[in-house]
There are 2 protein chains.
Amino acid sequence: MSKQAASLPVIDLTADTPCCPPLAQSPVPAQTAAVLAPAFKALGDPVRLQLMSMIASAKSGEACVCDLTPAFDLTGPTISHHLKTLREAGLVDAERRGTWVYYRARPAILRQLAGLLSVEPAAVA
Amino acid sequence: MSKQAASLPVIDLTADTPCCPPLAQSPVPAQTAAVLAPAFKALGDPVRLQLMSMIASAKSGEACVCDLTPAFDLTGPTISHHLKTLREAGLVDAERRGTWVYYRARPAILRQLAGLLSVEPAAVA
DNA sequence: CGCCTGTCTTGACGTCTGTCGAATCAGAGA
DNA sequence: TCTCTGATTCGACAGACGTCAAGACAGGCG
């Protein structure tokens, strides 16, 4: 029985402020779940989880496809497909610079997900 | 996926101490990704994300299936299937007490996931 | 200009996932 | 004991997902 209004998601995943309290504090509304679940699903593949980590932990803040692909026993198109999935989930951002394409992480949505999973009340400060 | 390799001696998802540094700090090894990705995948469905939240935020620490099912427009077997998925991912624990079955969250693995996603606020200018 | 390197897109295939209806199992109560 | 309620399991189906091979596109260099 979701009494959520018919209006579309007002949840801004790019915001730096948490969109919602921790998952263990109050039940997430259906609308919020529908918005955040795809992000978790994008991280639900070992390859994408590693890709996300390699991009997010890159010292320069961005990672080249030419550097990501050889780290796996997968073909180029497959890696590209996974990167597209991460991009469509809003987890990373892509930019073509010359021959190579660079991927950069989006810390904001990562913070949203971490905040949702956090067990300790982070809002107390 | 039901055949979790019995050889994951290194990573203990039930431990309270973080198994690994944040995803944005250093690349996660393949083995760690293989162990944690199923947990993210389990949260990658809106219904399961809500179920997980309803269980984790229950005041008594546990939630009865009879209380979870009517919250969705889904049949009992479907809810049961999702709960099984959460259980096999190690996110919740089930216990039958009399007529009803109660589900309880496992904060440890939730902490693992949150720690992996955590981003230092200072990292953003 | 033409070739070469490097990446993305398309199409296809097998497998997994989400959902339901029907059947089965576990306890409680009369 | 028998029956009734509640939860899971089984069988089946449409749809989505992960993977690859082949082709198309963008940019650099001789």
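This is a tour of a predicted model, one selection at a time. Residues are numbered from 1 along each chain as its sequence is written, while chains are lettered from A and ligands numbered from 1 in the order in which they are written. Because the model is predicted, local features need pLDDT of at least 70 and side-chain atom pairs count only at pLDDT 80 or more, whereas totals for chains, interfaces and linings use all residues.

**Stop 1: chain A**

Select chain A and colour it by secondary structure. There are five helices and three strands, where helices (H or I, at least four residues) and strands (E, at least two) are DSSP runs, numbered from the N terminus. Their order along the sequence is α-α-β-α-α-β-β-α. Chain A has 125 residues, of which 39% count as buried. A residue is buried if 20 or more other C-beta atoms lie within 10 Å of its own, exposed if 12 or fewer, and partly exposed in between, with C-beta atoms placed from the backbone.

**Stop 2: helix α2 of chain A**

Select residues 46-56 of chain A, which form helix α2. How many of the 11 residues of α2(A) are buried? The count is 10, so α2(A) is largely enclosed by the rest of the structure. Among the buried residues are Pro46(A), Leu49(A), Gln50(A) and Ile55(A).

The axes of the two helices come within 10 Å and cross at roughly 70°. Axes here are lines fitted to C-alpha atoms, for helices over the stretch in contact, and angles run from 0 to 180 degrees between N-to-C directions. Therefore α2(A) and α4(A) are roughly perpendicular to each other; angles under 35 degrees count as roughly parallel, over 145 as roughly antiparallel, 65 to 115 as roughly perpendicular and the rest as oblique.

To see the contact, show Val47(A), Arg48(A), Leu51(A) and Met52(A) on α2(A), then His82(A), Leu83(A), Thr85(A) and Leu86(A) on α4(A). Two residues are in contact if their C-beta atoms, placed from the backbone, lie within 7 Å. By class, this contact has five nonpolar, two polar and one charged residues. Ala, Val, Leu, Ile, Met, Phe, Trp, Tyr, Cys and Pro count as nonpolar, Asp, Glu, Lys and Arg as charged, and the others, Gly among them, as polar.

**Stop 3: chain B against chain A**

Next, select the interface: 36 residues of chain B touch 34 residues of chain A. On chain B, α1 (30-42), α2 (46-56) and α5 (107-117) each supply at least two residues of that side. The residues of the chain B side divide into 26 nonpolar, seven polar and three charged.

**Stop 4: the DNA strands**

Select DNA strand C and the 25 residues around it. A residue is near a strand if its C-beta atom, placed from the backbone, lies within 6 Å of it. Cys66(A), Pro77(A), Pro77(B), Thr78(B) and Gly98(B) come nearest.

Finish at DNA strand D, which 25 residues surround. The closest are Thr78(A), Val65(B), Cys66(B), Pro77(B) and Ser80(B). Here α4(B) gives the largest share of the surface, six residues.
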